[in-house]
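Welcome, and please get your viewer ready for a short walk from one selection to the next. Keep a distance tool and a surface display at hand.

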Amino acid sequence: MHNPLWFDPSHCLIGGRWQAPIAGQTLPLVNPSDGSEICQIARGSAADMDGAITAAREALDGEWGAMTALQRGRILTRIGQLVLERVEDLAALEAMDVGKPLTQARADALALARYCEFYGGAADKVMGETIPYLDGYTVYTLREPHGVTGHIVPWNYPMQIIGRSVGAALAMGNATVLKPAEEACLTALAFAHLAQEAGLPAGALNVVPGLGAEAGAALASHEYVDHISFTGSVRTGALVQQAAGANVVPVTLELGGKSPQLVFDDADLDAALPFLVNAGIQNAGQTCSASSRILVQRGVYEEVKSRMAEAYSGLTVGPAADDLRLGPLISTRQKSIVEGYLSKGADLAIAAQGCLVDNCPADGAYVCPTLFADVPPDHSLAREEIFGPVQVLILFDTEAEALEIANATEFGLVASVWTREGARQMRLARKLRAGQVFLNNYGAGGGVELPFGGVGKSGHGREKGFEALYGFSQLKTVAAHHG
Ligand code: NAD
């Protein structure tokens, strides 16, 4: 396979200059499809992070900070155009780095382009308001950037998460510092190259790869960062919030979930089936909004079970370049976490499993997608985020019981309801504890335009859509007394 790298991956981008990390240290980046080393990446330190944050501050006082919303929007739109021109290159990088099947990697690159287009177009459409007040006053509000925003990104959807968080932050005029995941950072670096090519001023986007406990922690705790956007695990999210809290800095946390789909007896099963399965196995289940719990009413339970089992039996797993339904997991570490859950499910019935193709390299991080049936709602597989291709089927009788089970985890990111009954759709849309509810669909095709975020341990704050622009800005109230 040809090497899709077109830049030096061992550098950080700081103040418009690509440079080796100050301490000269690097980390190996591993291809999860075969365990081989792709390249060495920068192991950024607190000193590199300090340089990046200083550069971002200078950008706010320089060319970037002086730009109008229209100018910022045009640059973002140009970045989107360059992303579109390089979709295949970006997809090849992401497939190699994350182990994603090429079709998924391509969809992620297109989503990155779409975020740049959306936020490029929206940049000059964020407005304040005038507020009726006392006689002799005119009061209005201004939406202003926070200043320097930190973006800590995980390995599962690097391009999409960069698009939604860095894209929205730049649209609002923040200067950004991006810390990609140590397991997958090539498309973050590629994105920064394209942003430079599109004319983004120096310091508006800085990228410091490295370990979470080093570069990540340095970003989260830095006193000159004004806002942090974090996507990843609950444990790390809590640490980031704690570190930012010491500086009284706001954070947006997107921490995953255990998202249910509720299938009622009157559901259109032909429409539901592809969503029930795909929402669990997309990206090998390593999706914050994965639907890992399928709650099914008694009247259609056996049919859903056998149709999902049939779909699972046809699932194949192999190297990213083979472009099958599933690739490997991100790492052998993630593989052992998922295998740990499969062992915890030893007391459960397996309805069906997919299979690995014959040519799976022995050092790849492969697991078989697994569908468990008749799972008690209080079982750990029905409550904890697994982050692998594992789904559980749970039986229910009444709407009230389905609601209680659906709301009984500590998470609340996404939920979906499959029923033809309009009143039930409306009732459940209100009562389900989730940041997004889908009625007779799941995921709505990605939904760049749709505000996204969780409740409970799924996090707080909203990204995507127009709402993100409010999150990446703060409101100033101006009251003029003119008599
Ligand atoms: P993680 O939360 O530790 O890592 C996510 C990002 O945070 C990475 O960029 C990492 O370098 C950074 N980070 C790590 N420690 C940090 C610290 N102390 N301060 C600041 N930044 C830090 O996730 P992980 O270890 O890669 O994965 C573990 C589990 O997290 C997975 O099994 C999965 O359940 C969950 N996860 C969720 C998402 C999501 O989209 N919600 C994404 C990835 C992982």
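For this tour, a salt bridge is a side-chain nitrogen of Lys or Arg within 4 Å of a carboxyl oxygen of Asp or Glu. Bear in mind that the model you have open is predicted.

Stop 1: Domain 1 brings 23 residues to the contact and domain 2 brings 31.

**Stop 2: the interface.** How many salt bridges does the rule find across the interface of domain 1 and domain 2? The count there is zero. Polar contacts do occur: 11 residue pairs between the two domains make them, with both partners at pLDDT 80 or more. On the domain 1 side, show helix H4 (87–98) and helix H5 (102–122), the elements that each give two or more residues to the side touching domain 2. By class, that side has 10 nonpolar, six polar and seven charged residues.

**Stop 3: Thr 252.** Zoom to strand S11 (residues 251–254), where Thr 252 is found. Is Thr 252 buried or exposed? With 10% relative accessibility, Thr 252 counts as buried. Its side chain makes a polar contact of 3.4 Å with the side chain of His 227. Thr 252 also touches residues including Phe 230, His 460 and Arg 462.

**Stop 4: salt bridges.** The structure holds 25 of them. Begin with Lys 100 and Asp 108, whose closest N and O atoms are 2.7 Å apart; both residues are buried.

Next, select Asp 268 and Arg 420, a salt bridge with 4.0 Å between the closest N and O atoms. Asp 268 sits in the loop between strand S12 and helix H10, and Arg 420 in the loop between strand S19 and helix H15, so the pair ties together parts 152 residues apart in sequence. Asp 268 is partly exposed at 32% relative accessibility, while Arg 420 is exposed at 57%.

Then pick Arg 307 and Glu 303, which meet at 3.1 Å, N to O. They are four residues apart in helix H11, about one helical turn.

Finish with Glu 399, Glu 421, Arg 424 and Arg 427, linked in a network of salt bridges.

Methods
Residues are numbered from 1 along each chain as its sequence is written. This is a predicted model: local features need pLDDT of at least 70, side-chain atom pairs count only at pLDDT 80 or more; totals for chains, interfaces and linings use all residues. Side-chain values use heavy atoms; hydrogens and water are left out. Contact means heavy atoms within 4.5 Å. A polar contact is a pair of N or O atoms within 3.5 Å; within protein, one must be able to donate a hydrogen and the other to accept it, and residues adjacent in sequence count only if both atoms are side-chain atoms. Ala, Val, Leu, Ile, Met, Phe, Trp, Tyr, Cys and Pro count as nonpolar, Asp, Glu, Lys and Arg as charged, and the others, Gly among them, as polar. Buried means under 20% relative accessible area, exposed over 50%, partly exposed in between (1.4 Å probe, protein chains only). Lists of a residue's contacts leave out its neighbours within four places in sequence.
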